[in-house]
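Subject: Structure handover

Hi,

Here is the structure I promised to pass on. Please open it alongside these notes.

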Amino acid sequence: MTSSAVEIQASTLAGYADASRLRQANDQDWVLGQAPAAPRVHVDLGSGIGQLLETTLERYPSLQRAVGLEQSEHRLREAADRLRRFGDRVRLRQADLTRPEPLEISPDLVTMTSVLHWLFPVEERIFAWVGQHLAPGGTFLLTTYHPARDEHGLGGEDEIVREALVALGTDRALVPRLFAEHDVLPIATRTRDTEGLHRLLELRLRVAATAERDAVVQVGSAAEYEHFHAATFGDYYSRMVEPGLRADFFRAVGEAAWRRQQDRGHVSSMPVRLWKTTTRG
Ligand SMILES: C[S@@+](CC[C@H](N)C(=O)[O-])C[C@H]1O[C@@H](n2cnc3c(N)ncnc32)[C@H](O)[C@@H]1O
């Protein structure tokens, strides 16, 4: 069976440059507002297509080295194209942040934006890695999303997916079981609450400051959200439906989001928190 264009997009996480304009890219200036004035070495964890590294390389002439650690080969390739013009100031490496490996440099700036939920339940490993690698007095900037959870642990994107599954004929009450049967841990369960995260961070780092604001996603059409979902969540959720129905699933996600946009004036709105942390002692 041939895959539809949106399934191919999801399997390669393609289209993130466009999709991230709806949400993730909006956090860049907010995050870098907490960075040191003249960083020397920046490591971006879960660096995606290299957008944040591109910004720091452009913004800070002091930056001698920018390193991206990222799991997805497709994203690393896109990042390499984007950052080629910066020559040997850039290093990109394939890495699984749930099993972070030692790096032979000591960054004074580490960032990790819109990634932490994918590392649940072993987030402490990356915090330990940051604690070991960050130069004394260096800065680690982290963003985390905090959707409300229902009694099944579903919230945020899970809600939109639930609406799509119901539109495709799944009994609403059976959706949490479908998640469990396919080992799809709800995204709202993957994000710890802020107190739990604070405790976890403080085991390895010192939380110097936090800030919070609303992350609002708005779209102009169902198709726009369909592509945002495929570029951001890939095939994480679509594996809950049989292969022949996957194109319908992505379309139903777009339509569910568009209904919300029309009813509420946005698809989703949830707190996003920025953590500024530094080394202990
Ligand atoms: C929502 S994107 C965020 C990308 C970028 N940091 C940003 O703010 O736009 C999440 C990124 O984390 C990466 N990622 C997820 N799990 C990972 C893991 N275990 N190790 C490394 N990267 C991972 C994904 O491939 C993806 O590029």
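How many residue pairs are in polar contact across the interface of domain 1 and domain 2? The rule finds five, with both residues at pLDDT 80 or more. (A polar contact is a pair of N or O atoms within 3.5 Å; within protein, one must be able to donate a hydrogen and the other to accept it, and residues adjacent in sequence count only if both atoms are side-chain atoms.) Salt bridges across that interface number zero. (That term needs a side-chain nitrogen of Lys or Arg within 4 Å of a carboxyl oxygen of Asp or Glu.)

First, the ground rules. This is a predicted model, in which local features need pLDDT of at least 70 and side-chain atom pairs count only at pLDDT 80 or more, while totals for chains, interfaces and linings use all residues. Residues are numbered from 1 along each chain as its sequence is written, and side-chain values use heavy atoms, with hydrogens and water left out.

The two domains

Domain 1 covers 1–14 + 148–189 + 219–265. Domain 2 covers 33–146 + 191–214 + 271–281. These bounds come from an automatic or database domain assignment. Taken over C-alpha atoms, the two centres are 28 Å apart. Domain 1 puts 12 residues into the contact and domain 2 puts in nine. (Contact means heavy atoms within 4.5 Å.)

Together the domains bury about 830 Å², with 54% of it on carbon and sulfur atoms. (Buried area is the accessible area, 1.4 Å probe, that two parts lose on being put together, summed over both.) Thr12, Leu13 and Ile187 supply 42% of what domain 1 buries against domain 2, more than any other three residues. On the domain 1 side, helix H1 (5–12), helix H9 (187–190) and H11 each give two or more residues. H9 gives the most, with three. (Helices, H or I of at least four residues, and strands, E of at least two, are DSSP runs numbered from the N terminus.)

Helix H7

Eight of the 11 residues of H7 (157–167) are buried, so this helix is largely enclosed by the rest of the structure. (Buried means under 20% relative accessible area, exposed over 50%, partly exposed in between; 1.4 Å probe, protein chains only.) Among the buried ones are Glu157, Asp158, Glu159 and Arg162. The buried residues pack against helix H8 (175–181), H9, H11 and helix H12 (246–264). Gly169 follows H7 and has a positive phi, near 110°.

His229 lies in H11. His229 is buried, at 0% relative accessible area. Beyond four places in sequence, the contacts of His229 include Glu157 and Val161, both of them buried residues of H7. Tyr16 is 213 residues away from His229 in sequence, yet 9.7 Å away in space, C-alpha to C-alpha.

Gln261 sits in H12. Gln261 is buried too, at 13%. Not counting residues up to four places away, Gln261 touches Val217, Gln218, Val219, His266 and Val267.

Helix H5

In H5 (73–83), Arg75, Leu76, Ala79 and Leu83 are buried. Down the helix axis they fall within an arc of 100°, so they line one face. (The arc is that of the directions from the helix axis to the C-beta atoms.) Their cover includes helix H4 (51–59), strand S2 (65–70) and helix H11 (222–233). At the start of H5, a side-chain oxygen of Ser72 comes within 3.3 Å of the backbone nitrogen of His74.

Best wishes
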